Amino acid sequence: MDSFGLFCTGALLACGLYWFLCLLGPAEQKGKRAVHLSGGSISSEKVRDNYKQYWSFFRQPKEIETAEKVPDFVDTFYNLVTDIYEWGWGQSFHFSPSITGKSHREATRLHEEMAVDLIQVKPGDRILDVGCGVGGPMRAIAAHSRANVVGITINDYQVNRARLHNKKAGLDSLCEVVCGNFLEMPFKDNSFDGAYSIEATCHAPKLEDVYAEVFRVLKPGSLYVSYEWVTTDKYRADNPEHVEVIQGIERGDALPGLRSYKDIAEIAKKVGFEVVKEKDLAMPPALPWWTRLKMGRIAYWRNHVLVTVLAAIGIAPKGTVDVHDMLFKTADYLTRGGDSGIFSPMHMILLRKPQVPPSKS
């Protein structure tokens, strides 16, 4: 090959590398670039070991059935996946129904704003985000409602990311982030004017434990809305394909076990809530929430090539390739769950903490 040919080849490679790293690197909301992928609070050399530790939980299923083990399990998961989620998905770690004429980002924002509209808060009210991640929903909700939002997440790395994003968005005066376990929240009784959780309580080993904590910290008469991950009435436990899909979702998303839609309201009433409204937001006429996963398959392959290259040259931690592969496979299980109708990530339940009964004179 002559010098001109070598020059052209080199130029093409350089352009391709620039396209991968600079144009495809940022997440939808410019949160994370591919060259900055990390293992969260885990040091780079220990990412692969922690990935193996994560999978060890599923080889010992009893380990993830107790509240004592789950925080470590979920914390490890979010150390492994937070950067990849931000880079490849955005700052809101949840799904939303597709909306004709709206981008995925706009549909996500509307899905978040609906949550705070349902709990009927006023500007200046203090509300709780139960499982806030890096704070995408928190910022959309604070900007929309002008309420003061306090988010709690088990993962210290996510706390730091959320605070950084809050400051960049100019919303740090309305958004506060606390590192803690939503099964044992560090808040006083009757201290919030409302609360919401968006696809977060699925990580609780027992839903009644997190619902009881939310009930405790809410002021009497206040509302709480949750978007729950559930199996639907189409799920059949004796269907091997159904079981494979649900177990694939559980393994790839750090879930102790998916619940049936039938159980949610009963659990809420058991801890003292009044059920105001219950609806699966994924049901028609809502457009499929999994469309974005299907459309993203080419991007997943492209990103996997990039992650593999970055890990090979020492920019990304070695275990990042394993984590990205896990998430790629999980996306397929989620798509199959949506296509078949056996799984929903947005079973909405709106609850009220009853008013304190009047004292007897």
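# Aromatic and helix packing briefing

At 0% relative accessibility, Tyr-54 counts as buried (buried: under 20% relative accessible area; exposed: over 50%; partly exposed: in between; 1.4 Å probe, protein chains only). This is a predicted model, where local features need pLDDT of at least 70 and side-chain atom pairs pLDDT 80 or more, while totals for chains, interfaces and linings use all residues. Residues are numbered from 1 along each chain as its sequence is written, and side-chain values use heavy atoms, without hydrogens or water.

**Overall build**

- The protein chain holds 12 helices and eight strands (DSSP runs numbered from the N terminus: helices H or I, at least four residues; strands E, at least two).
- Of its 361 residues, 53% count as buried.
- Among contacts in the protein chain with a separation of 6 or more, 78% come from residues 24 or more positions apart (contact: heavy atoms within 4.5 Å).

**Aromatic pairs**

- The whole structure contains 19 aromatic pairs (Phe, Tyr or Trp rings, six-membered for Trp, with centres within 6.5 Å; planes under 30 degrees apart are stacked, over 60 edge-to-face, the rest tilted).
- Tyr-54 and Phe-73 form a stacked pair, because their ring centres are 5.4 Å apart and their planes meet at 5 degrees.
- Tyr-54 belongs to helix H2 (residues 47–59) and Phe-73 to helix H3 (residues 70–88), so this pair ties together parts 19 residues apart in sequence.
- Phe-73 is buried too, with a relative accessible area of 0%.
- Phe-77 and Tyr-78 make an edge-to-face pair, because their centres are 5.0 Å apart and their planes lie at 80 degrees.
- Phe-77 is buried at 0% relative accessibility, and Tyr-78 is buried at 13%.
- One aromatic cluster takes in Tyr-51, Tyr-54, Trp-55, Phe-73, Phe-77, Tyr-78, Tyr-85 and Phe-93.

**H3 against H12**

- Two packed helices are described by the angle between their axes and the distance between the axes.
- H3 packs on helix H12 (residues 320–340) at about 75 degrees, with the axes 10 Å apart (axes: lines fitted to C-alpha atoms over the stretch in contact; angles: 0 to 180 degrees between N-to-C directions).
- H3 and H12 are therefore roughly perpendicular (65 to 115 degrees; under 35 is roughly parallel, over 145 roughly antiparallel, the rest oblique).
- H3 contributes Phe-77, Leu-80, Val-81, Ile-84, Tyr-85 and Trp-87 to the contact.
- H12 contributes Thr-320, Val-323, His-324, Met-326 and Leu-327.

**His-111**

- His-111 sits in helix H4 (residues 104–118).
- His-111 is buried, at 4% relative accessibility.
- Leaving out residues up to four places away in sequence, His-111 touches His-94, Phe-95, Ser-96, Pro-97, Tyr-227, Leu-281 and Met-346.

**Backbone exceptions**

- Most residues other than glycine have a negative phi, and most peptide bonds are trans.
- Pro-284 and Pro-285 are joined by a cis peptide bond, with omega about 15 degrees.
- Pro-285 is in the loop between strand S7 (274–280) and helix H10 (291–295).
- Glu-199 is not a glycine, yet its phi is positive, about 55 degrees.
- Glu-199 lies in the loop between strand S4 (192–198) and helix H7 (207–217), and is buried with a relative accessible area of 6%.
- Ala-254 has a positive phi near 60 degrees.
- Ala-254 is in the loop between helix H8 (240–252) and strand S6 (259–260), and is buried at 0% relative accessible area.
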